[in-house]
Every structure is written in C-alpha cells, then in structure tokens.
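Let's take a walk through this structure together.

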Amino acid sequence: MDPKQTFVIVGASLAGAAAAQVLREEGFDGQIVLIGSEPNRPYERPPLSKGLLLGTAPLEDVFVHPSDWYAWNDIDLRLATTVTSIDRAARVVVCDDGRRVGYDRLLLTTGSEPRRLTVPGAGLDGVVYLRRLEDCELLKIEIDRASRVAIIGGGWIGLEVAAAARAAGREVAVIETAELPLLRVLGREVAQIYADLHHAHGVRLLLGAQVVGLTGDGLVTGVELADGSAVPADLVVVGIGITPVVALAADAGLDVTGGVLVDEHLCTADPAVFAAGDVANAYHPTLRRRLRVEHWENARRQGAIAAKAMLGQDATFDRLPYFFSDQYDLGMEYVGYVEPGEADQVVFRGEVRRHEFIAFWLAGGRVLAGMNVNVWDVVGDIEDLIASARTVDPARLADPSIPLAAV
Ligand SMILES: Cc1cc2nc3c(=O)[nH]c(=O)nc-3n(C[C@H](O)[C@H](O)[C@H](O)COP(=O)(O)OP(=O)(O)OC[C@H]3O[C@@H](n4cnc5c(N)ncnc54)[C@H](O)[C@@H]3O)c2cc1C
C-alpha cells in the first residue's frame, strides 16, 4: 500500500471511528482524515435515551475513543466541519470551511437524522427531538422542567424516553398511530408485552391515534388528535423515525435508493467510494436482499468491514442484524431479520410474565429471529439456529430444559 494514500471518512460517527481504528489496526500508514459536522468527537448514541438521560451513566462513557486517541493514531479529526460536496472525478471533498481534501478512498458514514413533525404547532418551544448529545442534554433539562410529557411515536426511542420520564416522576403519554407500540418490528405477541410493560409503569398509551396539531402560545400546551381529543403536555418528544443522510451522495451522482447503495463489501458503484452504518443500504449475502439497518452494532461492524474493503481485502459484511434496548427493568437483545408479516409462528421459551424469556419468530418451521429478554449469553446460539436454516420442533424450542444447541 502506498504510504502516501489518503482515506477520507465523512461522518465522525460510530461507524466512522470504527473504520479509522481498523484502518490503523490493519497497518494502513497513509493519511486518515475523519470529518464530522458535530462539535463532539465520535460517540455512541444508545446512552442518550438510557443511562445518560437517566443520569446513571457518566458523559465520558459515551465516547468511542479517549480524546487523545486520535492524535496518538495520527488521525486528522476535523470536528464542526461539514462536507458540502464530493467531486468524484477529481477525488476531492469540499468542506464548509472552504478546505478541499483529496482522497484515494472515501467512506461515507453520514448516518441518519430524525424525521420532522410537520403538523401546525410543530415549531413551538418544548417540542424536542433526540439524536445528538446536545439534544440529550436539552431533553434532561426539559424533563426536569415539565410535568406532563407527550411522546409522539411508540418506537424504541419514544419508549425509552417514556421510561426515563417515568423514572423522573413525570406524567407520560405515548401517542402511536399503530394499534400497538413496536407492532411493525415485533409483531402483535411481543409488541403487547411492551404495551403491558409501559402500562404497568403508569404510561398512558394512546394507540391508533393520529396527531393533527400541537397547541400552545410560545410554549407547547398539548397535542391535538384526529378524533378531536387533546393530550395536555408541556413537553413533547418526537420520535417518529429517521431518514438516512444521503444528500451528499445523491449530489455526487451515487445511487441513494433507500440509502447509499452498496454491495456486500460496502462499496458503491464507484470503486473509490464506500458507505457504512445507518446510511448504507447494503446487499446482505445470506439474507439475499438489501438492508439498511439503523442500529449500533451494524454501524460498528460495518465501519470495520468497510475499512478492510477500502484496503483491498476481501471483506464481506454478512452479520445478521442485532440490536438491544433497555426499558425499566426489561433488557433485551434481538438478532435476525423478519419482514413484517413474514413470520407465521412466535414461540416463547421461559417466563414471559416474569420478563425472563426468549421469543423466536419462525416461518415454515425455521427460526428467522430471536429476542432474549433478561436472559443473557444466548445470542450466539440464536444466531446458529438462524444460520442453520433447519426446521425445528416448536415444542423443543419452547422447552428451556433442552439446550438451544440441541433443539
Ligand atoms: C437516542 C438514540 C438511542 C439509540 N439506542 C440504540 C440502542 O439501544 N440499540 C441500538 O442498536 N441502536 C441504538 N441507536 C441507533 C444507533 O445509535 C445508530 O444506529 C448509530 O448511531 C448509527 O451510527 P452511524 O455511524 O451510522 O451514524 P450516526 O450516529 O448517525 O452519525 C453520523 C454522523 O455524520 C455526521 N455527518 C452527516 N453528514 C455530514 C457531512 N456532510 N459532513 C460531515 N459530517 C456529517 C453527522 O453529524 C453525525 O455526527 C440509538 C440512536 C439514538 C439516536
């Protein structure tokens, strides 16, 4: 490898930092330029809706690397800097500070951003989103100030914020368009467990509800629903999903259908340009379909694979999607992939009522995904079951006395 090569990473994110680390670990001794819009060095976002928001985790724990790690590893970290365009013919990125940086390989880890609410009143004070570190700091202050919190969107972030606001003793309402929170991801049986969990913790769940406007004069005072009812609130948290940050790639002429389109080596149609993390819509060789995954583990592992692929190694990203969530005393990990409506059976193993169980989603007797709830060190076994693609006996799968490996 030519030591004078320059690899540029756009997005000082988890995927970007993971890629920089693996480039050095693999012996790349050229220049690494890691450029990020945010003022903070790369950090992990999961604590923003959990420990950091609850005040149980220290700020220092969120950062991917210690502050001196970048200098020690000769990584040119440029924070508070946005790349505004890519000239692929000249292999140059242009930054908002006017600087131009040439590259031999370019990695896009621009991630995603919250979908915005567009109803009347969406711009009122006290209407907040949660993506960045400063959003978390603001939300903490807002939860302290507020007495009634309305959360629009019963997805992972909405529900984790609901748990944090309940822990702070606030009145909490979650407003969700579907019949159950997390219905699309988990299906009815398991989504109901989350609904019951929040109900038991005093959260008011407004399901099948459509938000038509927010009321207030300066500060928000409530949420108006399509059925004419109103939800009083002096803090509204919006968690209605995210969209990949693809404008830069699109303007550079790259295909951004459903995210920046990449192959199993995380390479775009341009052999010098790669993408990883939330922004990448990658071909998954074992699932034989494209997937854009919006999770921590995916960003970390794809960053590493992209780094190897940029070095010309035969690195393929073929990990099954994995994610985790913590709400109240319910911690879980989920591995696998199920298209909405694809599973024809859900099998439970363990004590569902005590929140100590594994749920498996099956289609035609084969395990597609598993979710372990307050049961640990089983992800590898669940992955093996999925990867084996064999049909299993649901009765044996449900029997905790039979080791998963022997089902
Ligand atoms: C509150 C919260 C809680 C979460 N909890 C979980 C969880 O429990 N479990 C889980 O699996 N996942 C969780 N996630 C999801 C996980 O954090 C994301 O999947 C992960 O952060 C994606 O990382 P990334 O590296 O792809 O991009 P991002 O983290 O989105 O970072 C992209 C970075 O690129 C920068 N950028 C964008 N465009 C430019 C540009 N043109 N120039 C320079 N910089 C640019 C952005 O400013 C940003 O800093 C959570 C996310 C949030 C917000």
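This is a predicted model: local features need pLDDT of at least 70, side-chain atom pairs count only at pLDDT 80 or more; totals for chains, interfaces and linings use all residues.

Residues are numbered from 1 along each chain as its sequence is written, and side-chain values use heavy atoms, with hydrogens and water left out.

Which residues come closest to the ligand? They are Glu38, Arg45, Lys50, Arg131 and Asp278, out of 35 that surround it (a residue is near a molecule if one of its heavy atoms lies within 4 Å of it).

Now look at some polar contacts, meaning pairs of N or O atoms within 3.5 Å; within protein, one must be able to donate a hydrogen and the other to accept it, and residues adjacent in sequence count only if both atoms are side-chain atoms. Ser13 brings a polar side-chain atom to 2.7 Å from a ligand oxygen atom. Leu14 uses its backbone instead, with an N or O atom 3.4 Å from an oxygen atom of the ligand. At Phe324, a polar backbone atom sits 3.0 Å from a ligand oxygen. Taken alone, the ligand would expose 1,000 Å², and the protein buries 94% of that (accessible areas come from the Shrake-Rupley method with a 1.4 Å probe; for residues, only the protein chains shown count as cover).

The elements giving two or more residues to this shell are helix H1 (14–25), helix H8 (296–310) and strand E22 (322–327). Helices (H or I, at least four residues) and strands (E, at least two) are DSSP runs, numbered from the N terminus.

Next, step back to the domains, whose bounds come from an automatic or database domain assignment. The chain is split into domain 1 (6–113 + 243–310), domain 2 (116–240) and domain 3 (329–406). Why does the ligand lie between domain 1 and domain 2? Both give residues to the shell around the ligand, so it lies between them. The centres of domain 1 and domain 3, taken over C-alpha atoms, are 32 Å apart.

Residues 7–303 are 26% helix and 29% strand, while residues 322–406 are 18% helix and 42% strand.

Finally, the strands. Two strands pair if DSSP finds at least two bridges between them. Five strands make an open, parallel sheet in the order E9-E16-E10-E11-E12. Strands E9 (127–128) and E12 (204–207) stand at the edges with a single partner strand each, so one side of each has no neighbour in the sheet. E11 (residues 171–176) pairs with E12 over four bridges, and Val174 has Leu205 in E12 as its bridge partner.

Elsewhere, E13 (residues 211–217) and E14 (residues 219–225) run antiparallel, joined by six bridges. They form a hairpin with one residue between them, and Gly218 in the turn has a positive phi of about 85 degrees. E14 also pairs antiparallel with E15 (residues 230–232) over three bridges. That hairpin has four residues between its strands, including Gly228, with a positive phi of about 95 degrees.
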